[in-house]
Amino acid sequence: FAAALKHRPATDLSPFADADLPRELQPIPVALNTYLQRIHNHIESERQFATNAAHELRTPLASASAQAQLIAAGRGDARAARAMTAALDRLGRIIERLLQLSRAEAGIDGHARCDLVRIIRIVISAEDRTAITFDDGDIERAMIAVHPDAVALLLGNAIRNAIEHGTGSVTLTLRPGPILQIRNPVAPGSAFRHETFAKSAGSTG
């Protein structure tokens, strides 16, 4: 086992086979395999994030570049300037949300704890509260094993997405577990997209 560990390439994150070790040493390869799997998951998550981020940024960058070229060539008018501003605004929003997602995912794997009820109320207070209803189910405190910053980032992003892409007020419902539901009306034909960056064909977000 020691020889296999010594000569293994740094890029090889595959699990070690059952080692012929004394019973009291058997937990060592088990723990090591768990650690290797965590590293593999982090690397794969970062790779997927980079791929998706590049895809998301390509369209607003291309749009802003095209409008800038028109303006630089003296062929752009007020519409070109407005189109470039809109593209840059969209680019800024995408970058901000990508950074939030990255920070949130980094915090999910931590060992911190927070009160979900308190975080929900803090996040709602920073949004347009006239468009948000919170049903706490008479739950005064709900401790979860997630970093509070990660919860706030994920929750804030989910609420803003609901407000921006829905058609009515947003309702947050908390139930024992704890289980948090975020609901609001959507346009006919809309469907939930499970992937991180998935969107409908007509989406501009």
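Mentor: Phenylalanine 1 has a relative accessible area of 31% and is partly exposed. Keep in mind that this is a predicted model.

Trainee: What makes phenylalanine 1 partly exposed?
Mentor: Its value is 31%. Buried needs under 20% and exposed needs over 50%, so a value in between is called partly exposed. Phenylalanine 1 sits in the segment before helix H1 (2-7), and together with Leu5, Leu25 and Ile28 it makes a nonpolar surface patch of about 310 Å².

Trainee: Why is asparagine 33 called buried?
Mentor: Asparagine 33 has a relative accessible area of 19%.

Trainee: How do you know which residues asparagine 33 is in contact with?
Mentor: Contact asks for heavy atoms within 4.5 Å. Leaving aside neighbours within four places in sequence, asparagine 33 is in contact with Pro15 and Phe16. A polar atom of the asparagine 33 side chain also lies 2.7 Å from the backbone nitrogen of phenylalanine 16.

Trainee: What makes glycine 177 exposed?
Mentor: Its relative accessibility is 75%. Exposed means over 50%, so glycine 177 qualifies. You'll find glycine 177 in the loop between strand E4 (170-175) and strand E5 (179-183), where it takes a positive phi near 150°.

Trainee: How do you know that E4 and E5 pair?
Mentor: Pairing needs at least two bridges. E4 and E5 have 5 bridges, in the antiparallel sense, so they pair.

Trainee: Why do aspartate 135 and arginine 175 count as a salt bridge?
Mentor: Their closest N and O atoms are 2.9 Å apart. The cut-off is within 4 Å, so the pair counts. This pair links distant parts of the chain, with aspartate 135 in strand E2 and arginine 175 in strand E4, 40 residues apart. Side chains of opposite charge can pair when their charged atoms come close.

Trainee: How many salt bridges does the structure hold?
Mentor: It holds 4. Another of them joins aspartate 77 and arginine 79 at 3.2 Å, N to O.

Trainee: What makes arginine 79 exposed?
Mentor: Arginine 79 has 61% relative accessibility. That is over 50%, so arginine 79 counts as exposed. Aspartate 77, at 37%, is partly exposed.

Terms used. Residues numbered from 1 in each chain as written. Predicted model: local features only at pLDDT ≥ 70, side-chain atom pairs only at ≥ 80, totals over all residues. Heavy atoms only, no water. Buried < 20%, exposed > 50% of the residue type's maximum accessible area, 1.4 Å probe, protein only. Polar contact = N/O pair within 3.5 Å; in protein donor to acceptor, adjacent residues only side chain to side chain. Helix = DSSP H or I, 4+ residues; strand = E, 2+ residues; numbered from the N terminus. Patch = residues over 30% accessible without salt bridge, like charges linked within 9 Å, V, L, I, M, F, W, Y side chains within 5 Å. Areas by Shrake-Rupley, 256 points an atom, 1.4 Å probe, with all protein chains shown as cover. Salt bridge = Lys/Arg side-chain N within 4 Å of Asp/Glu carboxyl O.
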